[in-house]
Amino acid sequence: MAKVHEITVWARGVLQDKEGRDVINIFAKAAQAEGKHAQAFDNYEDLPDRVLVTVRKYVRLSDEEITHKYVYTNDKPEVVVICEATIVKGIDVLRGMEPGGTLIINTNRSIDDMLKLLPNANLLATIATVDADAITGVRTVDFSGSEGGVDTTGIGKGIAAPIVGAVAKVTGLIKKESLAKIVSDVSGMERGYNEVKIKHFKPAVAELVGAAAGSKTKR
Amino acid sequence: MMTGCRAAAEGAKSAEVEVICSFPIRPYTAIMMELAKMVANGELNAEFIHGEGEHAQLSVVLGASAAGARAYTGSSGVGVTYAMEIYSPMAGGRYPAQMSIADRTLDPPGDFGSEHTDAMSTRDQGWLLGWACSPQEVYDNTLMSYRIGEDHRVMLPQMVCQDGYFISHIPDKVTLGETSQVKEFLPPYRPISPLSLTNPVSHGPQIRPDQGAPMDAMRAQTFLAIPKVIEEATADFARIFGRKYDPFVEQYRLADADIAFFIMGAHSNTARAAVDKLRKEGVKAGMARLRWVRPWPTHQLAEALGHVKAVGVVETSTSYGGAMRGGNLIHELRASLYDLDDRPLVTSFMGGLGGETIWPADFDYMAGVLSKMVKEKRTDRYVYWLGM
């Protein structure tokens, strides 16, 4: 079976449900436009109609057709995207990630501040922050298009736009030009692409961070 | 790309349903949500009624259908069973309304996951009952079921089922029909004897016991005539829309197969990939996917599976205490094969329960069991519970 790249997006219920879903749909559409095979879907056990609960959204990308469509969670995410920074405090957002992964957070805090909240940051080869709230100035665009439906209001009007821009820059999995054809807020997407702050860890440093955090995860 | 829920709503829109009755329950809710948006936006001219429960939903569409409207409703899980009383009056009254089901486990405990037991519980109520394995097939079955159900040789309500979440919530490619194609395929609903102010008729009167048996026999007779109508509609659908389905049983690499999976719904997609993998490894595997549970395609199954040496029924429903101790499909499959001189060995695998996925490795395991049965020319078990 072909290698499937997994991206997991964490957001808050209701207020960010559409934004979280926009991130995965934009990414999947852009990937398809580039000739890749892609899946985008919501986690079904989460409760998106409860305000502020954490909700997960998944993207899968592959160069070949994804034959097993019904693995309903991303068990080994290579890239984790956090739409609201406080989510990292209560939840092990990196669970399942194999060493060498990428974390991208929507926050105005510094990368070093965020690292303090991540007990297993040694898994990361890359961490990045983007202040998507500041770029778009609005966190909730619309409550419509909830689970199982389609977004009739257009995708990528809110924080999803700078977030996908940041993801494209950090991961290189998708081209900025492909995103520009899909998102409603193209300048927001480009600002996310340009303004994202990135920190790469050399393997040795990543191991040190892991040791300091007391993690037993081996590279 | 769209989900099965959106595809069902698009199907209802294409069919220009006239009365819709909703009540929320995951995962089918999104069908009604999408239809509500279509009605509100003026894309669909239908009466949208919010019922006070599933029993009311079915009652409303019964009335609408009796008055001559093309009516549409749907549900999931315990919503399907809450409406139980109304299934037999709708079938007995010959009201060809449609109910779209996104399968969900029954309680207890509360679980959103897909399981076919909800709709399978209604299989003896006289409805047409069929399963889709993709959002595209949900759209297509919505149109085909109306066409078949409203045929005057049939006049029966239809249940269009899709696995909750796997089909209802995971987007896939869907091609919608052109208006001209839909118009050619699906003529307007012509009720035979509708409720009318100018031409008063009685519907659903009380009868005497001696009138019951003839009526039941007539309904059984009707079911004998349905396969021909299904074949015609499926062929017409292929001609007009260019998408060809096996009317009753999809046969995948089955012609020279030694072992076969018998399955319906979403997990058939995984089964197809598993068959390809097994073939590469030299195992002559195949798959038969059931499209209609009612009417049950007895002879078509005997024909499709008669030459296979061992069949594994992949059950995504439960029939506790049943003859085979597991699910439902194996009972009818074994009955379908019983009259063959050299019938296949048949066992069943309980999988996908509670909404759990059926993994590729599960199919490898099942293939191992089936190959062992072929080698030993016997089976000593009716049922295997996957992952237990």
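**Two predicted chains, question by question**

Trainee: Where in chain B is Met155(B) found?

Mentor: Helices (H or I, at least four residues) and strands (E, at least two) are DSSP runs, numbered from the N terminus. On that basis, Met155(B) is found in the loop between helix 7 (135-150) and strand 6 (158-163) of chain B.

Trainee: Before we go on, at which pLDDT do side-chain atom pairs count in this predicted model?

Mentor: Residues are numbered from 1 along each chain as its sequence is written, chains are lettered from A and ligands numbered from 1 in the order in which they are written, and side-chain values use heavy atoms, with hydrogens and water left out. In this predicted model, totals for chains, interfaces and linings use all residues, local features need pLDDT of at least 70, and side-chain atom pairs count only at pLDDT 80 or more.

Trainee: Back to Met155(B): does that residue count as buried or exposed?

Mentor: Let's start from the cut-offs: buried means under 20% relative accessible area, exposed over 50%, and partly exposed in between (1.4 Å probe, protein chains only). Met155(B) has 5% relative accessibility, so this residue counts as buried.

Trainee: And which value does phi take at Met155(B)?

Mentor: Most residues other than glycine have a negative phi. Met155(B) is not a glycine, yet its phi is positive, at about 50°.

Trainee: What is the phi of Arg94(B), then?

Mentor: Arg94(B) sits in the loop between helix 5 (84-92) and strand 4 of chain B. With a relative accessible area of 22%, Arg94(B) is partly exposed. Arg94(B) is not a glycine either, and its phi is positive, at about 60°.

Trainee: Nice. Which omega goes with the peptide bond from Arg26(B) to Pro27(B)?

Mentor: Most peptide bonds are trans. Pro27(B) lies in the loop between strand 1 (19-22) and helix 2 (29-40) of chain B. The bond from Arg26(B) to Pro27(B) is cis, with omega near 0°.

Trainee: And which omega has the peptide bond from Pro108(B) to Pro109(B)?

Mentor: Here we are in the loop between strand 4 (98-103) and helix 6 (117-120) of chain B, where Pro109(B) is found. The bond from Pro108(B) to Pro109(B) is cis, with omega near -15°.

Trainee: How many disulfides are there over all chains?

Mentor: A disulfide is a covalent bond between the sulfur atoms of two cysteines. The rule used here asks for a pair of cysteine sulfur atoms within 2.5 Å. By this rule, the count over all chains is zero.

Trainee: How far from Cys5(B) is the nearest cysteine sulfur?

Mentor: Cys5(B) takes part in no disulfide, and the nearest cysteine sulfur is that of Cys161(B). Each of these residues counts as buried, with 0% relative accessibility for Cys5(B) and 0% for Cys161(B).

Trainee: Stepping back, what radius of gyration does chain B have?

Mentor: The radius is taken over C-alpha atoms, and the globule rule is 2.2 Å times the number of residues to the power 0.38. For 388 residues, a compact globule would come out near 21 Å; chain B agrees with that, at 21 Å.

Trainee: What share of the residues of chain B counts as buried?

Mentor: Chain B holds 13 helices and 13 strands, and its C-alpha trace spans about 70 × 50 × 45 Å along the principal axes. Among contacts between residues at least 6 apart in sequence, 80% join residues at least 24 apart. Of the 388 residues of chain B, the buried share is 59%.

Trainee: And what is the buried share in chain A?

Mentor: Chain A has eight helices and seven strands. Among its contacts with a separation of 6 or more, 71% are between residues 24 or more positions apart. Of the 219 residues in chain A, the buried share is 53%.

Trainee: Last one: which residues is Val4(A) in contact with, leaving aside neighbours within four places?

Mentor: Val4(A) lies in strand 1 (residues 4-12) of chain A and is partly exposed, with a relative accessible area of 24%. Leaving aside those neighbours, Val4(A) is in contact with Arg60(A), Leu61(A), Ser62(A), Ile66(A) and Glu78(A).

Methods
Contact = heavy atoms within 4.5 Å.
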